[in-house]
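Hello,

Here is the structure for you to look through. My notes follow below it.

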Amino acid sequence: MHVARLRLRNFRNYRRLDVEFGPGFHLLIGGNAQGKTNLLEAVYLLAALRSFRGAPAAQLVRHGAGGFLVGAEVVSARRDSARLYWSPAERRLTLNEEPVQRLVDYYGVLRAVVFCSEDIELIKGPGARRRRFMDLLCAQANPGFLVLRRRYAEAIKSRNALLRAPSPDRRALEGFTLQAARYGREIMQFRAELVPRISQAVRSAYCAFAPEAEQAELIYRPAAREDLTEAFRRNWERDLRLRTTTAGPHRDELLILLEGRPAADYASEGQKRSLAIALRMAQAEYLAEVHGAPPVLLLDDVVGELDARRRAGLLPLLERVRRARGQVFMTCAQEPPLPPASVRPRRWEVRAGTLRALPEGCAPGS
Ligand SMILES: Nc1ncnc2c1ncn2[C@@H]1O[C@H](COP(=O)(O)OP(=O)(O)OP(=O)(O)O)[C@@H](O)[C@H]1O
Ligand SMILES: [Mg+2]
């Protein structure tokens, strides 16, 4: 899978960009604040329909413009043309010139995995980050998961609203409890199947970084140990007292362990950083396995932070993506920090919202 053509209009600091990319490895080289991350953000936006920086759509509109457009031609087993236009008054998502009616039909046209420095929050941030990580993978493997998660969230929201009412309507409460149990059980099943597979992939990815074969491991720890209906019943009185739903997948944890201990508490900064990258590598490996083709990899700055040995740990993944005719975009401030013999990058200079292909051997800025 690769992005063969990218078109930006009034997106962040890009007024107008039309560029063609082949499969393979692309290095985006440029100083600070030139538009490197913005370009990755645009690609990811078409894949996930949200900014990986968590920015609301209004922030993506170039200052002074009325709306933005991001369009791409994506080559996989098919060739698709995806376009997203956004302005405060209008949102338009089209696939092959047709308006997209159901988002589940759209997800999967472009799959992308972002590596960025905020990924360290996967290790040290709150549990919500790790739940989002699990759910992102479930959804990227099976877009129907998003519907499930939305229904569960709605059931829990309604249930909590009732729990906060002065005298909760018992029948309505039971209705939402049944719904929450039904969708929640399926979510837990997805997560329980996902985590052991990801754990395996994280373990091998982390080995490439770890000096003394330290063992990384992921364990799914559901908040409800028994059947979910049973858990809701058992917590009934407590939920009424605390006026919120205390068990269920919205409280699940994903434990990330290094040598059997929680990485958040014991791992060094370098170990956490490496683990975060291993999680993203595992995500990419998992998606490649599920879909038979690797996702587009977007590496924002992370490689520059690694020492040479750890950088080399990334090579097998990049090499695999290259062989499968996948695509990698990697940003860096200066000359390539990664000069792999086999993975020959195409180099681009990013400057003030423009992109210029650098001829081989030509230094940026010359
Ligand atoms: N909506 C917007 N309209 C115009 N410019 C914007 C908008 N949002 C961000 N920018 C600007 O785009 C420029 C490039 O941002 P970007 O995050 O892509 O930088 P970068 O090349 O990744 O730099 P760094 O190496 O510092 O990460 C910045 O100057 C930023 O202020
Ligand atoms: Mg950046």
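The model is predicted.

Strand β10 (residues 253-258) and β11 are joined by two bridges and run antiparallel. Within this pair, Leu257 lies opposite Pro262 of β11. Helix α7 packs on the sheet, where it touches β9 and β10. The direction of α7 makes about 170° with that of β9. The sheet as a whole is open, with three strands in the order β9-β10-β11 and antiparallel pairing. Its edges are β9 (216-221) and β11 (261-262); each has a single partner strand, so one side of each is left without a neighbour in the sheet.

**Overall form**

The protein has twelve helices and 15 strands. Its radius of gyration is 22 Å, close to the 21 Å that the globule rule gives for 366 residues, so the protein is as compact as a globular protein of that length. The C-alpha trace spans about 70 × 55 × 35 Å along its principal axes. Of the 366 residues, 41% are buried. Taking contacts between residues at least 6 apart in sequence, 71% join residues at least 24 apart.

**Core**

The largest nonpolar core holds 103 residues, and Val43, Leu275, Ala278 and Leu298 have the most contacts inside it. Helix α7 (residues 170-207) gives the largest share of this core, with twelve residues. In general, nonpolar side chains of soluble globular proteins tend to be buried together.

What is Leu298 in contact with, leaving aside its neighbours within four places in sequence? The list is Leu40, Val43, Tyr44, Ala112, Val113, Val114, Phe115 and Phe329.

**Strand β12**

Strand β12 covers residues 296-300, and five of its five residues are buried. Both of its faces are covered: Val296, Leu298 and Asp300 are buried on one side, and Leu297 and Leu299 on the other.

β12 pairs with two strands named here. With strand β8 (residues 112-115) the pairing is parallel, over four bridges, and Phe115 has Leu299 as its bridge partner in β12. With strand β13 (residues 327-332) there are also four bridges, and the two strands run parallel. In that pair, Phe329 of β13 is the bridge partner of Leu298; Phe329 is also among the contacts of Leu298 given above. β12, helix α12 (residues 308-323) and β13 together make a right-handed β-α-β unit.

**Positive phi**

Most residues other than glycine have a negative phi. Two exceptions are worth a look in the model.

Arg12 is not a glycine, yet has a positive phi of about 50°. Arg12 sits in the loop between β1 (2-11) and β2 (14-20). Is Arg12 buried or exposed? Arg12 has 21 other C-beta atoms within 10 Å, so it counts as buried, the cut-off being 20 or more.

Ala33 also has a positive phi, near 60°, and is a residue other than glycine. Ala33 is in the loop between β3 (24-29) and α1 (36-48). Ala33 has 10 other C-beta atoms within 10 Å and is therefore exposed, the cut-off for that being 12 or fewer.

Regards

Conventions: Residues are numbered from 1 along each chain as its sequence is written. Chains are lettered from A and ligands numbered from 1 in the order in which they are written. This is a predicted model: local features need pLDDT of at least 70, side-chain atom pairs count only at pLDDT 80 or more; totals for chains, interfaces and linings use all residues. A nonpolar core is a set of buried Ala, Val, Leu, Ile, Met, Phe, Trp, Tyr and Cys residues joined through C-beta atoms within 7 Å. Two residues are in contact if their C-beta atoms, placed from the backbone, lie within 7 Å. Two strands pair if DSSP finds at least two bridges between them. Axes are lines fitted to C-alpha atoms, for helices over the stretch in contact, and angles run from 0 to 180 degrees between N-to-C directions. The radius of gyration is taken over C-alpha atoms; the globule rule is 2.2 Å times the number of residues to the power 0.38. A crossover is right-handed if, with the strands pointing away from the viewer, the path from the first strand over the helix to the second runs clockwise.
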